[in-house]
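User: I have a structure to look through today. Could you guide me through what it contains?

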Amino acid sequence: MAPAADAPPQPQAPARHSPGAAGGAAPSPVGRLAATVERLRREVRAAQAEAEGRALVELAKGILVERLGCGPAEAARQLTELAEQAGMSPLEFGVEVINQAAKDRVAEVTDAFIATVSDTDTPAEVSTAVRLRAAESGALAAHDTQAVADSLLQHALGPLGAVAVAIWAAGADGSLTLAGSAGFAAGEAGRWRYVPPDVATVARLGLAERSGQWIGSLAHTGLPTVGRNMHPDGGRVALPAGTGGRVHGVLEIAWPGPLEPQPPQVVRQVEALAELCAHTLQSYPSGQGAGPEPRVLPDAAELMDLADGLHDPALVLVPHIDAAGQLVDFRIQHVNDRFLDPAGRPRAVVNGALLLEAYPMAAGGSDLFQRIERVHATGEPFRARRMSLTALVDEVPLSAVADLSISRHGSCVLLIWRIEDETARLASLLQHAQRLGRIGGFEENVLTGETTWNGQLFALYGRAPSSAPVRLEELAAHAHPDDAVGIGRFLRTLLHHHRPSSAAFRLQRPDGVTRHMRLVAEPVLDTDGRLVAVRGAYQDISAQHWTEVALAATRDQLAQTEQHASERGRLALQLQHAIMPPTRAPLEVPGLQVAVRYRPAEEEQLVGGDWYDAVVLPSRLVMLCVGDVAGHGIEAATSMVVLRNALRGLAVTGAGPGQLLSWLNMVAHHLTGAVTATAVCGLYDPVGRTLRWARAGHLPPVLVRGSGAAPLPLLKGLLLGAVPETTYEEEEIQLAADDTLLMYTDGLIERRDRSVEESLTQLLNQVSTVPPTLDQQLDRLLTYSRSDTDDDTCIVGIRLG
C-alpha cells in the first residue's frame with residue numbers, strides 16, 4: 001500500500017536486496033525490518049560508547065580544573081579548543097590528558113603503541129589509548145568481575161581478534177576460581193567454576209610463570225581449559241594478574257585460530273590489562289560485588305606478636321616496592337628472640353635490614369629469595385627440611401642447613417628457620433660414640449671440602465689430633481691394597497648413587513698396626529637432591545673379627561660352609577691376580593706417568609675377559625693396550641691370557657701396532673678356539689713424544705688437553721678373531737706436556753638405557769676436570785662411573801710431565 005499524499009516523508013533504511021530482486025525495486029517488509037534493527041543496534045552501541053567516552057572526558061575536565069585553576073565551564077572550553085588545535089576529537093584529546101597526568105602502566109603502553117585499529121561500524125579510527133582507557137573506565141564502574149570481563153573483551157581484546165576472556169581468582173591453596181568470563185557459553189563457564197589445586201590447566205601455567213604463557217595453538221599442548229571444544233586449534237594467552245609482587249589471579253584470553261607471535265607493543269598492552277584485573281580481584285576476590293567481605297588477615301604488628309610467641313626462630317618480612325610499583329626486595333621488619341643468624345651477627349644488625357642486603361646469597365644457589373617471592377605472590381605456603389642456606393658476610397661464605405617454613409599473612413611473610421647448631425651436631429656424634437663404643441664420627445662437607453673428626457676417630461687412626469683428617473677419597477691409601485675394590489664400591493654407592501653404604505677394610509696405621517675397621521656413612525642431600533655432605537662413623541671391629549674366627553673353629557659344620565665360600569672367593573681372586581699385572585706397578589719412564597686400574601665384575605666368581613698391559617719394550621718404546629674378550633668364565637679368562645701374552649711376545653719384534661693387531665687376529669682365530677675380542681694397542685716414543693696406535697673394534701682412546709677432552713679419530717679395524725686375516729689402520733699423534741691419554745674397556749661407560757655415543761659424551765665431560773695426580777683421576781673414573789651393566793673394567797692412563 002502506498003503512503004498518503006499528505007503523510008510526512010519517512011526515513012529510508014539502506015536497501016537490502018534479495019538475490020532475485022531487481023536493482024531498482026522497493027525494499028521488502030523483511031528488508032525494512034532488518035534495516036531498522038541494524039540501525040537501532042548501531043544507535044545503542046553509539047550511546048554506550050558515548051556514555052563511556054563521556055566519563056573519560058569528564059575525568060580529563062577535572063584534571064584541567066586542577067592544573068589550570070579554573071572552573072568546569074572554562075575547563076570544558078579549553079578541552080574543546082585544544083582538541084581542535086591538535087586535530088583530535090575531544091575524547092582522544094581527553095585520554096591524552098589523562099595519560100599525561102597518570103603516568104601509569106596504561107599511559108606507558110599507549111605512549112609506545114601508536115598504531116590504531118578500525119571499527120567497522122564507525123568510520124572514525126579509535127586509538128589504542130582510548131580503547132585501554134575505555135576498558136579501564138568500564139572496569140572501575142563495574143559492580144563485579146563478570147562486568148570487568150565483558151568490558152575487557154568489548155573495548156580492548158575484541159579489536160585484537162580475541163573472542164573470549166576468563167578472569168581466574170587464585171586461592172592460597174593453589175586452587176583457581178572463575179571470577180568472571182565473556183565470550184564463553186554459560187554452561188561451559190559453569191563447568192569450570194572451580195579448579196582444584198595441582199590440576200594442570202592453561203591458567204595454571206600462567207600462574208606458575210611470571211612472564212605468562214603465549215600458546216600458539218591448544219592442539220599442541222593437550223591441556224584442558226575453559227572453552228577448549230569451541231576452538232580446539234585456537235591460540236591462548238594466560239598471564240598472572242598481580243600488583244606489587246602479589247599475584248591475585250590469572251587473565252586468560254582465547255583466539256579462534258592459531259596465534260602468531262605478537263609484537264612487543266601488543267604484549268605490553270595485554271600485560272597492562274592483566275594488571276587491571278589484579279586491581280579488580282583485590283576488590284572482588286570472589287567475583288561478586290555483594291556478599292561477605294573477605295577475611296582481614298593480621299597486619300605486621302599482629303604478626304610480630306605471633307612471631308614472638310613461637311618457639312622457633314622467626315622473621316617477619318614486608319615487601320619493599322620501588323617507585324614503579326615493582327617488588328624488588330623484602331625488609332626484615334622483625335626477628336624474634338630465638339632467631340640465630342647463620343653468620344653469628346646480633347639480632348639488632350639484621351632487624352630492619354633488607355633481606356638481600358643482609359643475605360645476598362639468598363638469591364643464589366639456595367633459591368631462598370625466589371621461594372619467599374613466590375609465597376608472597378601466590379599465598380601458597382612452602383615447607384622444607386634440611387635446606388642448604390648460604391650467607392655472604394664481609395665476602396666470607398658461610399654455609400648452614402635449616403628447616404624452613406614460609407607463609408603469607410596479609411601483606412607480610414613469616415619466615416621460620418631452624419639452623420642446625422654445630423655444638424649439637426658434635427654432641428650427637430659423641431653420644432653415638434659413647435653408646436656403641438670404639439666408634440669415631442665424622443662429617444665431610446662436599447661443597448667446601450672441609451672434613452670434621454671427633455677425638456675418638458683420631459685415636460682409631462693413630463694420628464695426632466693436630467693432624468689433618470683423612471678424606472674419603474684418600475681412604476684407599478690408608479687401607480690394605482687387597483681392600484681397594486671394596487672401598488671403591490663403597491665410594492661409588494655413597495658419592496655417585498647418593499645411597500647409604502658400608503665397607504669393611506684393614507686400616508694400616510702410621511705406627512705399623514693393622515686394625516679391622518667397619519665404615520658406615522650416609523649422604524646428606526638438599527631439597528633439590530644434590531649432595532651437600534657425608535656423615536658417618538668408623539668402628540674398630542678387630543676384637544670382633546678375631547672372636548668370630550675363634551668361634552668358627554669350634555663349629556665344624558659352619559666352618560666347612562664358610563671355608564668353602566672363602567676358598568671359592570679366594571680362588572677367583574687369585575685367578576684374577578694371576579692373569580692380570582699389578583694395578584699400581586710403576587713404569588720407569590722419564591717424563592711419563594703411567595697408571596692402570598682393574599675393577600672386577602660385581603659377581604666375584606664371574607671372572608671376566610677384560611685385560612690391559614703397560615710394558616717398556618727393549619726398543620725403549622712403551623706398549624700400552626687394553627682388550628676385552630667376549631664372554632665370561634674360565635674360557636674367556638684363558639683366552640685373554642693367551643692374547644695378552646701373545647701380544648707381549650709379538651711386540652719384541654719391533655713391528656707397529658697395526659701389524660701387531662694383524663698377527664694377534666690370527667692367534668685369536670686359529671689358536672684360541674675362534675674367540676672374538678676387541679683391543680686397542682699403542683706404542684709411545686718418550687723421545688719424540690709420539691704415539692702410534694691402532695684399534696680392533698674397540699672404543700678409541702680419549703685425549704685430555706687443557707680443559708677439553710676428545711676421543712682420537714675412529715680408525716678402521718675389525719674385532720679380533722672374526723676373519724682369518726685382515727689389516728688394521730694405524731695413526732701417529734703428537735703429544736704435548738701435561739697431556740693425559742686414557743684407554744679403557746666398555747665396562748666403564750656402558751649403560752642399558754642409552755647409546756654408546758651418549759655414554760661417551762658423559763665420560764668426556766667427566767674427564768675434563770683434571771685432578772692433581774693421574775692415580776686420583778683413574779680412581780675418580782671408577783668411583784663415579786655411570787655404567788650399570790656390572791661388567792669388569794680396565795683403564796690405562798698416561799700423563800706427560
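**Core and sheet**

Analyst: The largest nonpolar core has 27 residues, and those with the most contacts inside it are L152, L157, V165, I167, V237, L251 and I253. A nonpolar core here is a set of buried Ala, Val, Leu, Ile, Met, Phe, Trp, Tyr and Cys residues joined through side-chain atoms within 4.5 Å. Buried means under 20% relative accessible area, exposed over 50%, and partly exposed in between, with a 1.4 Å probe and protein chains only.

Please note that this is a predicted model: local features need pLDDT of at least 70, side-chain atom pairs count only at pLDDT 80 or more, and totals for chains, interfaces and linings use all residues. Residues are numbered from 1 along each chain as its sequence is written, and side-chain values use heavy atoms, with hydrogens and water left out.

User: In what order do the strands of the open sheet come?

Analyst: The 6 strands of this open sheet follow the order β5-β4-β3-β8-β7-β6, with antiparallel pairing. β5 (194-195) and β6 (213-215) stand at the edges with a single partner strand each, so one side of each is left without a neighbour in the sheet. Two strands pair if DSSP finds at least two bridges between them; β4 (residues 176-182) and β5 pair over 2 bridges. The bridge partner of L176 in β5 is V195.

User: Where does α6 lie?

Analyst: Helix α6 (residues 145-157) lies across β3 (164-170), β4 and β8 (246-254), at about 50° to β4. Axes are lines fitted to C-alpha atoms, for helices over the stretch in contact, and angles run from 0 to 180 degrees between N-to-C directions.

User: Changing topic: how many disulfides are there?

Analyst: A search of the whole structure finds 0 disulfides, a disulfide being a pair of cysteine sulfur atoms within 2.5 Å.

User: Is C794 buried or exposed?

Analyst: C794 is buried, with a relative accessible area of 0%. C412 also counts as buried, at 2% relative accessibility.

User: How many helices and strands does the chain have?

Analyst: The chain has 22 helices and 28 strands, and buried residues make up 43% of its 801 residues.

Key:
Helix = DSSP H or I, 4+ residues; strand = E, 2+ residues; numbered from the N terminus. Contact = heavy atoms within 4.5 Å.
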